[in-house]
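Hello,

Here is the structure for your next look. My notes follow below it.

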Amino acid sequence: MGNIAVVVDSNSGVTSKDLQSLKDVYVIPMPFMIDGEEYFEEINLSQEDFYSKLENDSDISTSQPAIGQVIELWDNLLKKYKQIIHIPMSSSLSQTCETAKNFAKDYEGKVFVVDNKRISVTLKQSMHDALTLIDKGYSGEEIRKILEDTSADSSIYIMVDTLKYLKKGGRITPAAAAIGTLLKIKPVLQIQGGKLDSFAKVMNEKVARIKMINAIKGDIEKRFKEYVEENKMQISVAYTNCKDKAEEFVNQIKQEIPNIKIAYVEPLSLSIACHIGSGALAIAISRVL
């Protein structure tokens, strides 16, 4: 019997390709309702199909994984492993975490649900951190506590290319969206402690990129200075349907912040993409345990 398995959902950005080189990691696909039909990320819903449906104004909403699916996975894994570390997306962005915590009470000492307030590339780093801690011999409860205690050691800044989907999701009013579109405003959002909030409003993408890089520099110099000096921080870049722009952004980051490794450059999870649309760029920084 193995020691500890790590479970994440597809909001982490962990793909089937990633799983080919990862041991003891399992991914729960996030469900979407699109025009009344159920789809699952990376099973019957690819990135390309999703953006095609999004741009054709399909009715898209996200949902929690069926708890029966989660429990079935736990039960099967506990035939092979002694314990499970389950790291869902932030409880501030979804009820998925709270639901899993409630059901994990029936698996006391075996299933440890982590709420470390992360999503996308920062959640993916938490998965790698969990594997590192497992290799070091920590127990499931110890790993849960460490991941939650270090939950604030990350930042994400996101430039949104269109206001259409923020308006659709009720995050801004139709009037604000109309004015913003007329003035070609690019909002920059942030995720700190799991919540998606406004960070800045700028007039074009060039300024937005500089704004995000400067925000990361500020985090490096203030919040994360100690960990930077220990070489324990890394940067990631994520994007929605704009790989070429992301690669340009990476080159700009390397010039502006040459002393910190860029760990991942990959698409944002679709659960975020459905709220912000195509053309978004994000930069994240997170502590490595």
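Which residues does Asp219 touch, not counting residues up to four places away in sequence? They are Ser155, Tyr157, Phe224, Lys225 and Ile285. Please keep in mind that this is a predicted model.

Asp219 first. It sits in helix H9, residues 205-221. Its relative accessibility is 7%, so Asp219 counts as buried, the cut-off being under 20%. The Asp219 side chain also makes a polar contact with the side chain of Ser155, at 3.0 Å.

Next, Ile285. This residue belongs to strand E13, residues 281-287. Ile285 is buried, with a relative accessible area of 0%. Leaving aside neighbours within four places in sequence, its contacts include Ser155, Asp219 and Phe224. Ile216, Ile220, Ile235 and Ile260 are also among them. Val121 lies 164 residues from Ile285 along the chain, yet their C-alpha atoms are separated by 9.1 Å.

Then a helix pair. Helix H5 (residues 120-135) packs against helix H6 (residues 140-149) at an angle of about 140 degrees. Their axes are 10 Å apart. Why is H5 described as oblique to H6? The angle is about 140 degrees, and only angles over 145 count as roughly antiparallel, so this pair falls under oblique. The crossing of H5 and H6 is right-handed. H5 contributes Ser126, Asp129, Ala130, Leu133 and Ile134 to the contact. H6 contributes Ile143, Ile146 and Leu147. By class, that contact has six nonpolar residues, one polar and one charged.

Best wishes

Definitions and conventions:
Residues are numbered from 1 along each chain as its sequence is written. This is a predicted model: local features need pLDDT of at least 70, side-chain atom pairs count only at pLDDT 80 or more; totals for chains, interfaces and linings use all residues. Side-chain values use heavy atoms; hydrogens and water are left out. Helices (H or I, at least four residues) and strands (E, at least two) are DSSP runs, numbered from the N terminus. Buried means under 20% relative accessible area, exposed over 50%, partly exposed in between (1.4 Å probe, protein chains only). A polar contact is a pair of N or O atoms within 3.5 Å; within protein, one must be able to donate a hydrogen and the other to accept it, and residues adjacent in sequence count only if both atoms are side-chain atoms. Contact means heavy atoms within 4.5 Å. Axes are lines fitted to C-alpha atoms, for helices over the stretch in contact, and angles run from 0 to 180 degrees between N-to-C directions. Angles under 35 degrees count as roughly parallel, over 145 as roughly antiparallel, 65 to 115 as roughly perpendicular and the rest as oblique. A crossing is left-handed if the near helix is turned anticlockwise from the far one by less than a right angle, and right-handed if clockwise. Ala, Val, Leu, Ile, Met, Phe, Trp, Tyr, Cys and Pro count as nonpolar, Asp, Glu, Lys and Arg as charged, and the others, Gly among them, as polar.
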